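Work through the exercises below with the model open beside you. Try each task before reading its solution.

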Amino acid sequence: GTSPRAYLRTSDTEKRPEDLYRKATSALLNEGINLVELYNEAMRLAGLPDEMIPASSASGKTQGYHPSGYIKVIDDVTGLSVPVKNITVKTRRWFKIDETTTDSKGYYAINKSYRQKANVVLKFRNNFITIRGISGAFKVWEYAQALEKELGLYSSGQVNVTLPYVANADTYGALQWAAAHAMNTHYDMKQYSTANALPGPFSFMNVWITSAWTRAASASMLRALIHEPVKLNDALNFMLAPSPQTVAPFIRKMFTNWLPDITMRLQQVDANGNPTGNTQRAADISNTFFHEFGHSQHYAQVGDGYWIIEIANTILKGGYGTKTSAFGPGRTAVVESWGFFIGNTFNETKYRAILRNPLATARADKDRDQLENQIPNDTNWQGWIPFGALYDMRDIGEPAFTTVVDNVSGYSLAGLFKGFQSNVTTVQELRQEILNRNGNSQLTQVNQLITSYRW
């Protein structure tokens, strides 16, 4: 720990603003009070003799230990234990507090030393993202702070933790497990985006993972709506489906105070879209967050006005709507095409990189095939949102059963994303903007491709 005198010296040197700690320390020293003796007396009176500093230590410093270890999480799809990256680990022993974040291997090391047992806590946040786990509509504290997990009191050695898969979605264990995968997906999203000359996800986001009472997933970026009271109210009712009237009065206040940018429902759903009570699988969670973080990329590029209209149209349609909906089907086709495309593309990248694991390879194939094998139609969103067209502009060849005419190849992710500008509200405008910003590369073939997607 830092001695009071050292604190004063560094404070003066660094010109820190005066605070109560500094003022109190200065006053005590001016009165000639021995701060070590004062501290020891306070610990004795509090019944905490183990916290007393030995009198033989004139500086108030004694040898201690530095908490360190690995944080990992189980991927239930591959069966592997994987590191949790860039998650905050906090330690505390009475007045001594410190925190750090894990590295790409899930390793952390606390700088401060502790002589006695210190409490170690996982905080599901970092400088870029805060995850709140909402297990009940009326649990106020869950909206106000990041999700966390108490790891316990430790006094020596490494503190290693592996978060297990928890099938029951209505538990903190399930929320913590899912949040760890969300943290990893955010980290991976930044890495994959940089590698492909794409902007990363939006600079800072509040993410809610909830137990079944919000829609499956949404990147509303609600802070963009805070100055639009009517639209904000409509957005809240929409996002709180399927039971906005039950939870909305209280939740609306919570949304206003701690607006989420992204929400995800933790439970799996059946064929009719009804929650089953079981926690989603790791690969589905990462795909969803790649998708929603992709929306945040798009939002950052097109701005508030574009996104407010998209959210308003989604509310009016009650979701994606149809290809002939009165409210912005073209805009929805554009927005969701990037979400599905980048979600599947990056999820394939993630699982394809796990070598010698057939389960990982099978999942990578599944994500690729949803893009490669899309069959265009006008009757369901899986057919009229043209996420497969973006994939086809990069690959070579096309399965005959899709009826798609694909003679395009070689477009980069960055080249495609350049087309998603604020003036683009239809698939035809997207096609033209991509061509304009890529030197009209393969113009005839691109036009042929988009036509075969029924746009």
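This is a predicted model: local features need pLDDT of at least 70, side-chain atom pairs count only at pLDDT 80 or more; totals for chains, interfaces and linings use all residues.

Residues are numbered from 1 along each chain as its sequence is written, and side-chain values use heavy atoms, with hydrogens and water left out.

**Exercise 1. Count the helices and strands in the protein chain.**

Solution. Start with the DSSP runs: helices are H or I, at least four residues, and strands are E, at least two, numbered from the N terminus. The protein chain has 16 helices and 14 strands. Next, take burial, meaning under 20% relative accessible area with a 1.4 Å probe, protein chains only. Of the 455 residues, 49% are buried. Last, take contacts (heavy atoms within 4.5 Å). Among contacts with a separation of 6 or more, 67% join residues 24 or more positions apart.

**Exercise 2. Describe the largest cavity and its lining.**

Solution. A cavity is a set of points on a 1 Å grid over the protein atoms alone where a 1.4 Å probe fits but cannot get out; lining residues have an atom within 4 Å of a point. Volume is the space filled by probe spheres set on the points, which are joined across faces, edges and corners. The structure holds one cavity of 30 Å³ or more. The largest cavity has about 90 Å³ of space. Its lining includes S337, M393, R431 and I450. Elements giving two or more residues to this lining are α13 (387-392), α15 (427-436) and α16 (443-452). The largest share, four residues, comes from α15.

**Exercise 3. Find the residues with the most contacts inside the largest nonpolar core.**

Solution. Such a core is a set of buried Ala, Val, Leu, Ile, Met, Phe, Trp, Tyr and Cys residues joined through side-chain atoms within 4.5 Å. The largest one has 88 residues. F124, I131, I209, L266, F289 and F341 have the most contacts inside it. Helix α5 (residues 172-195) gives the most to this core, 10 residues.

**Exercise 4. Check the span of helix α9 (residues 304-317), then that of helix α11 (residues 358-372).**

Solution. The expected span is 1.5 Å times one less than the number of residues. Helix α9 has 14 residues, so it should span 20 Å; its end C-alpha atoms are 20 Å apart, which agrees. Just after α9, G318 takes a positive phi of about 70 degrees. Helix α11 has 15 residues, so it should span 21 Å; its end C-alpha atoms are 20 Å apart, which agrees. Buried residues of α11 include R363, D367 and L371. Their cover includes α8 (282-302), α10 (329-352) and α13.

Technical notes: On a 1 Å grid over the protein atoms alone, a cavity is a set of points where a 1.4 Å probe fits but cannot get out, and a pocket is an open set with protein on both sides within 12 Å along at least five of seven lines; lining residues have an atom within 4 Å of a point. Buried means under 20% relative accessible area, exposed over 50%, partly exposed in between (1.4 Å probe, protein chains only).
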